[in-house]
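Reader: Hi! Could you walk me through this one?
Author: Happy to, here it is.

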Amino acid sequence: MKPEPLRPDDCAEKVIRFYADMVYRLAYARTGTKCDADEIFQEVFLRYIKKQPVFNNEEHRKAWMIRVTINCSNKLWNSVWKRKAEPLTDTMPFETKQDMDLSDELQQLPQKYREVIHLFYYENMSLEEISRALNRKNSTVRTQLTRARALLRNILKEDDDVQRGI
């Protein structure tokens, strides 16, 4: 069931419910771990509540959520604590084995490719919207998306070959 559209005067709780899945999926796509995605999720909505930003329209609010999620995950990756920490092996629960396999294969992509794949296919953003959200040139995003698809295709082919015993 798709949530009903937001109005500019909706309360923070309704906004959080509306964008929770998008923020969490993007954080997970960027970090690859459930605990880091949880941390980023909390930080994004804490900033939203503290700052109470004013938006021109719903696209502006969505862009803000995406930008803050990206900034928080960049901050996490660049922190000294994160660089010295040992990674945990936690996994995200998925409804189907196919979703779990796809997530594992997406995690094999470099971060810059994972995020463009996620924004393009899961958030249905255009190349221009992605380039604005990531502060990259449109041509760079297009190239990264093309390379990500090719790399993912190779990963899927290798996995298929392994399953067939080739």
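Reader: Which residues does Tyr-19 contact, leaving aside neighbours within four places in sequence?
Author: Tyr-19 is in contact (heavy atoms within 4.5 Å) with Leu-6, Phe-45, Glu-58, Arg-61, Lys-62 and Met-65. This is a predicted model, where local features need pLDDT of at least 70, side-chain atom pairs count only at pLDDT 80 or more, and totals for chains, interfaces and linings use all residues. Residues are numbered from 1 along each chain as its sequence is written, and side-chain values use heavy atoms, with hydrogens and water left out.

Reader: Nice. And which residues touch the most other members of the largest nonpolar core?
Author: Tyr-19, Met-65 and Ile-66 do, out of 37 residues. Such a core is a set of buried Ala, Val, Leu, Ile, Met, Phe, Trp, Tyr and Cys residues joined through side-chain atoms within 4.5 Å; buried means under 20% relative accessible area with a 1.4 Å probe, protein chains only.

Reader: Which element gives the largest share of this core?
Author: That is α1, with eight residues. Helices here are DSSP runs of H or I, at least four residues, and strands are E runs of at least two, numbered from the N terminus.

Reader: How many helices and strands are there overall?
Author: Eight helices and zero strands.

Reader: Switching topic: where does Arg-67 lie?
Author: In helix α3. Arg-67 is buried yet has no salt bridge, meaning a side-chain nitrogen of Lys or Arg within 4 Å of a carboxyl oxygen of Asp or Glu.

Reader: What is the nearest side chain of opposite charge?
Author: Glu-115, 8.0 Å away from Arg-67; Lys and Arg count as positive and Asp and Glu as negative, with His and the chain ends not counted.

Terms used:
Buried means under 20% relative accessible area, exposed over 50%, partly exposed in between (1.4 Å probe, protein chains only).
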